[in-house]
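Work through the exercises below with the sequence and the model in view. Each task is followed by a solution in steps.

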Amino acid sequence: MALITGSRAAAEDAVQEALARAWERSERGEQIESLPAWVTRVAMNLSKSRLRRMGVEARHRSDVARVVADGGATSDSRIDVGRALADLPHRQREVTVLRYYLGLNVAEIAQTLELNEGTVKTSLFRARKALAAVLGEPVEEANDHVALG
């Protein structure tokens, strides 16, 4: 979540709020089919609301790189990846983080972001291609994998 929001504190707040809401639902006897997907979705919605309220998209992009750098980066390549992620369009950044940092598969990403699986695949493809270009990887390898940390 910190990579998506650009702020570790905001990410922690969003996840804690999502967990509290899940707890409240369980206290009312409601069942959540997939707790990890539900918490991720709610945390992302809370984060999106925060970004809309603050109107900080330009600052947000530079903050993402700072979060990666502050998060224990041990090499220039991790910082480069953080900066490359920060330059991606928002949806591409979201699907990339969910896929490569959180390990979700295409179906889980689609459910979490409420997108069509084809949209997720297209966004991942475009993100990999953009990351490969920025990070100096051969473009044909962009289809397979870009080392993200």
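**Exercise 1.** Determine whether T96 is buried or exposed, and find which backbone oxygen its side chain reaches.

Solution. Step 1: the relative accessible area of T96 is 2%. Step 2: buried means under 20% relative accessible area, exposed over 50%, and partly exposed in between, with a 1.4 Å probe and protein chains only. T96 is therefore buried. Step 3: the T96 side chain reaches the backbone oxygen of Q92 at 2.7 Å.

The model is predicted: local features need pLDDT of at least 70, side-chain atom pairs count only at pLDDT 80 or more, and totals for chains, interfaces and linings use all residues. Residues are numbered from 1 along each chain as its sequence is written, and side-chain values use heavy atoms, with hydrogens and water left out.

**Exercise 2.** Find the salt bridges and state how exposed their residues are.

Solution. Step 1: a salt bridge is a side-chain nitrogen of Lys or Arg within 4 Å of a carboxyl oxygen of Asp or Glu. Side chains of opposite charge can pair when their charged atoms come close. Step 2: by this rule there are 3 salt bridges.

Step 1: R21 and E17 form a salt bridge at 2.9 Å, N to O. Both residues lie in helix α2 (residues 8-27), 4 residues apart, about one turn of the helix. R21 is partly exposed at 35% relative accessible area, and E17 is partly exposed at 34%.

Step 2: E30 meets R25 in a salt bridge at 3.3 Å, N to O. E30 also meets R28 in a salt bridge, at 3.0 Å, N to O. R25, at 28% relative accessibility, is partly exposed; E30, at 34%, is partly exposed; R28, at 54%, is exposed.

**Exercise 3.** Describe how helix α7 and helix α8 pack.

Solution. Step 1: α7 covers residues 106-113 and α8 residues 117-135; their axes are 9 Å apart, at an angle of about 110°. Axes are lines fitted to C-alpha atoms, for helices over the stretch in contact, and angles run from 0 to 180 degrees between N-to-C directions. Step 2: angles under 35 degrees count as roughly parallel, over 145 as roughly antiparallel, 65 to 115 as roughly perpendicular and the rest as oblique. α7 and α8 are therefore roughly perpendicular to each other. Step 3: V106, A107, I109 and A110 of α7 make the contact with E117, V120, K121 and L124 of α8. Contact means heavy atoms within 4.5 Å.

Terms used:
Helices (H or I, at least four residues) and strands (E, at least two) are DSSP runs, numbered from the N terminus. A polar contact is a pair of N or O atoms within 3.5 Å; within protein, one must be able to donate a hydrogen and the other to accept it, and residues adjacent in sequence count only if both atoms are side-chain atoms.
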